[in-house]
Amino acid sequence: MQNFTFHNPVKILFGKGQIANIAAEIPTDAKILMTYGGGSIKKNGVYEQVKSALSKHNLIEFGGIEPNPHYETLMKAVEIVKQEDINYLLAVGGGSVVDGTKFISVAVDFDGDPWDILSKAAPVKSAIPFGVVLTLAATGSEMNTAAVITKAANQEKRHFYSPLVFPQFSVLDPETTFSLPPRQVSNGIVDAFTHTMEQYLTYPVNAPLQDRMAEAILKTLVEEGPKTIANPSDYDSRANFMWCATMALNGIIAVGVPQDWSTHMIGHELTALHGLDHAQSLAVVLPSTLTVKRDNKWQKLLQYAERVWGIDQGSEEERVNAAIANTRAFFESVGTRTKLSDYGVGLDTIPLVIDRLKSYGYTALGEKQDVNPQTVEKILTLSA
Ligand code: NZQ
Ligand code: ZN
């Protein structure tokens with residue numbers, strides 16, 4: 001096992017009715033900016049629950065944060081924060097609202113051009129504290145330090161990390177997700193599954209606890225995913241799925257093990273260029289990444305085949321092939337298509353993706369830093 005330092009201070013308020021408890025988490029004299037997306041929270045009752053929980057607090061609102069949140073929109077919120085002397089943020093929504101709020105929180109007092117936080121990994125020195133009411137299980141943003149932001153002007157999708165953007169608390173009430181359209185539930189399953197794979201499906205470093213925790217998340221997603229798609233208001237399966245998504249990317253399964261993340265980096269470019277949902281881009285890239293990088297990943301692919309899919313018969317090659325085929329079939333079975341052609345994207349995208357990755361310096365991705373432009377070409381060709 002590799003050395004590691006682990007710290008995750010996010011307080012989780014899990015379960016039905018927990019929104020009512022947020023007033024106790026926010027200082028009474030805070031001036032709050034509540035951030036949200038395109039309006040789903042006004043249709044499913046979450047908006048009213050938050051307003052009623054914070055009826056004694058001083059609160060103003062900023063709506064309209066898009067999926068794949070736009071830098072330009074977030075900078076408008078930054079202006080409001082400055083004008084109104086806001087000193088607390090409350091993100092109410094999915095990963096895009098949470099990520100957008102993380103960016104607002106660090107951009108307000110940033111000395112210089114805030115885009116540098118994303119494009120140049122410019123260090124951030126301060127952040128406005130914030131809490132989260134999560135309405136979509138997928139990204140893990142509610143319990144991690146990452147945010148992914150898109151500049152609409154040139155469709156650049158970039159990310160930053162900072163320990164300053166751990167939420168102070170996150171409410172995970174599965175009932176708030178009952179109103180999700182099937183496509184977003186499917187996206188959430190695929191995103192959580194892929195997050196787990198990026199941290200698990202690399203090479204063995206004798207970390208059996210991390211392996212089994214990752215396998216537990218994968219197996220639970222395989223069991224609960226189809227149930228929660230079939231019965232959106234089945235509280236128990238939605239609760240199990242929601243906790244899987246948080247555990248998949250809160251840092252716990254990443255400790256002491258190598259990580260890949262090449263599927264995410266390639267996928268982000270497909271979203272930026274062609275508008276695929278984040279999880280759709282992952283469903284297209286992951287099976288091909290596993291196929292192209294199978295030699296690096298051989299031992300873990302065999303372990304994954306046996307422990308997640310129960311495949312223990314046949315030659316090693318047959319087991320590896322079956323595990324990758326099962327991964328693709330699982331994504332399709334929950335409703336996310338896995339080929340570029342399913343989204344009307346042709347192979348002419350390959351040079352564009354590669355040019356963008358090169359311009360960001362992403363020419364040595366993956367757990368062995370050997371996913372280079374030629375590898376990306378192979379992966380995307382296989383995803384046709
Ligand atoms: O905007 P509203 O009206 O709220 O509608 C949203 C949006 O259209 C809707 N929605 C959310 N909760 C709902 C709901 N509709 C009905 N009922 C509810 N309860 O769902 C749509 C998608 O929302 P979005 O927040 O974009 O989805 P998701 O949570 O999948 O977030 C995706 C973003 O997160 C980034 C992605 O790149 C993408 O920008 N990621 C962030 C990560 C992180 N911070 O660690 C890691 C991930 O790998 C990912 O890259
Ligand atoms: Zn993701």
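Between which two domains does ligand 1 lie? Domain 1 (11-176) and domain 2 (182-382) both contribute residues to the shell around ligand 1, so the ligand lies between them; the bounds come from an automatic or database domain assignment.

Some housekeeping. This is a predicted model, where local features need pLDDT of at least 70, side-chain atom pairs count only at pLDDT 80 or more, and totals for chains, interfaces and linings use all residues. Residues are numbered from 1 along each chain as its sequence is written, chains are lettered from A and ligands numbered from 1 in the order in which they are written, and side-chain values use heavy atoms, with hydrogens and water left out.

Now the shell. Ligand 1 is surrounded by 32 residues, each with a heavy atom within 4 Å of it. Gly-38, Ser-40, Gly-95, Ser-96 and Lys-157 are the closest. By class, the shell has 9 nonpolar, 20 polar and 3 charged residues. Here Ala, Val, Leu, Ile, Met, Phe, Trp, Tyr, Cys and Pro count as nonpolar, Asp, Glu, Lys and Arg as charged, and the others, Gly among them, as polar.

On to polar contacts, meaning pairs of N or O atoms within 3.5 Å. Ser-96 has a polar side-chain atom 2.5 Å from an oxygen atom of ligand 1. For Asn-44, a polar side-chain atom is 3.4 Å from a nitrogen atom of the ligand. Thr-176 uses a backbone N or O atom, 2.9 Å from a nitrogen atom of ligand 1. Taken alone, ligand 1 exposes 960 Å², and the protein buries 89% of that (Shrake-Rupley method, 1.4 Å probe).

Methods: Polar contact = N/O pair within 3.5 Å; in protein donor to acceptor, adjacent residues only side chain to side chain.
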